[in-house]
Amino acid sequence: MKRFIYPIEGLVTILKKDRNFVWHLFIAFIVVIAAFFFKINRIEWIAVILSIFMVLAFEAINTAIEYVVDLVTDEYQLYAKYAKDIAALSVLLASIAAAIIGLIIFIPYILSLI
């Protein structure tokens, strides 16, 4: 049971520190509601779930990198900036991939309503 306490503490920390993580959770909630509404198929559910957790995982890693960089230095360092910027890029790339997957899945369902 002890090994589950640390991830839960991490979740509490990220929910307090990172507004972007909360924003991603909100978007994920909307996507899941849309998935139930449109009754997407099993393969589409797999793509949606993987996309959601990919973005959340990259956001968590990004936040962890920010904490480590802030721990190492509190003054401006070019490599610290690079580390933070590249970690943020990973979240952006995951989010773009998730958005594309979402569009591929949901656009046909939305068009069928018209």
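Helix H4 (78-112) gives the most to the lining of the largest pocket, with 8 residues. H2 (19-38), H3 and H4 each supply at least two residues of that lining. Here helices are DSSP runs of H or I, at least four residues long, numbered from the N terminus. This is a predicted model, in which local features need pLDDT of at least 70 and side-chain atom pairs count only at pLDDT 80 or more, while totals for chains, interfaces and linings use all residues. Residues are numbered from 1 along each chain as its sequence is written, and side-chain values use heavy atoms, with hydrogens and water left out.

The lining has 20 residues. Ile27, Val31, Ile52, Ala98 and Ala99 lie nearest the pocket centre. About 370 Å³ of space lies in the pocket. That volume is the space filled by probe spheres set on grid points, which are joined across faces, edges and corners. A pocket is an open set of points on a 1 Å grid over the protein atoms alone, where a 1.4 Å probe fits, with protein on both sides within 12 Å along at least five of seven lines; lining residues have an atom within 4 Å of a point. By class, the lining holds 16 nonpolar, 4 polar and no charged residues. Nonpolar covers Ala, Val, Leu, Ile, Met, Phe, Trp, Tyr, Cys and Pro; charged covers Asp, Glu, Lys and Arg; the others, Gly among them, are polar.

Now the helix pairs. The axes of H2 and H3 come within 10 Å and cross at roughly 175°. Axes are lines fitted to C-alpha atoms, for helices over the stretch in contact, and angles run from 0 to 180 degrees between N-to-C directions. H2 and H3 are therefore roughly antiparallel, a label for angles over 145 degrees. Contact (heavy atoms within 4.5 Å) joins residues of H2, including Phe21, Leu25, Val31 and Phe36, to residues of H3, including Trp45, Ile52 and Leu56. This contact divides into 12 nonpolar, 2 polar and 1 charged.

H1 (residues 2-17) packs on H3 (residues 42-72) at about 80°, with axes 11 Å apart. The two are therefore roughly perpendicular, the term for 65 to 115 degrees. Thr13, Ile14 and Lys17 of H1 meet Glu59, Ala60, Thr63, Glu66 and Tyr67 of H3. Here the classes are 3 nonpolar, 2 polar and 3 charged.

Overall, the chain has 4 helices and 0 strands. Its radius of gyration, taken over C-alpha atoms, is 17 Å, well over the 13 Å that the globule rule gives for 114 residues, so the chain is more spread out than a compact globule. That rule is 2.2 Å times the number of residues to the power 0.38.

Note on methods:
Angles under 35 degrees count as roughly parallel, over 145 as roughly antiparallel, 65 to 115 as roughly perpendicular and the rest as oblique.
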